[in-house]
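Me: Please show me the model that we are going to read together, and then let us work through it in questions and answers.

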Amino acid sequence: MELLLVTKEKKYPSELSIVLNEARELGLPEDWLPICEDNGSYYCLLPNGKVHYWTPDGYSNDSWEDLADWIEQVWINGD
């Protein structure tokens, strides 16, 4: 898992603007914002504040109530 970055140089593979364009080409919904890449799939922040796991081959049912919930369950605890 790799958190996405926002930098002035925009030269890293995990740069948000680069990943966002790639994910949109794969079909990521326009109003979803990827925050973390995981082997070609993405954890995304939704307009309602929830975090949802999205894969290019279809939607997943994995979701978390908010960013804090996702950080605790996925990033810290590794669930």
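Me: Which side chain forms a polar contact with the side chain of serine 41?
Reply: This is a predicted model, in which local features need pLDDT of at least 70 and side-chain atom pairs count only at pLDDT 80 or more, while totals for chains, interfaces and linings use all residues. Residues are numbered from 1 along each chain as its sequence is written, and side-chain values use heavy atoms, with hydrogens and water left out. A polar contact is a pair of N or O atoms within 3.5 Å, where within protein one must be able to donate a hydrogen and the other to accept it, and where residues adjacent in sequence count only if both atoms are side-chain atoms. At 3.5 Å, the partner of serine 41 is tyrosine 53.

Me: Is serine 41 buried or exposed?
Reply: Serine 41 is found in strand E3, residues 41–45, where strands (E, at least two residues) and helices (H or I, at least four) are DSSP runs numbered from the N terminus. Leaving aside residues up to four places away in sequence, serine 41 touches Cys36, Tyr53, Trp54, Thr55 and Pro56, a contact being heavy atoms within 4.5 Å. Buried means under 20% relative accessible area, exposed over 50% and partly exposed in between, with a 1.4 Å probe and protein chains only. Because its relative accessibility is 8%, serine 41 counts as buried.

Me: How far apart in space are glycine 40 and tyrosine 53, C-alpha to C-alpha?
Reply: Glycine 40 lies in the loop between strand E2 (33–38) and E3, and its relative accessibility of 28% makes it partly exposed. In sequence, glycine 40 and tyrosine 53 are 13 residues apart. In space, their C-alpha atoms are separated by 11 Å.

Me: Where is lysine 10 placed in the chain?
Reply: Lysine 10 is another residue other than glycine with a positive phi, of about 50°. Since its relative accessibility is 49%, lysine 10 counts as partly exposed. Its place is in the loop between strand E1 (2–3) and helix H1 (16–26).

Me: In what order do the elements of the chain run from the N terminus on?
Reply: The chain has 2 helices and 5 strands. Read from the N terminus, their order is β-α-β-β-β-β-α.
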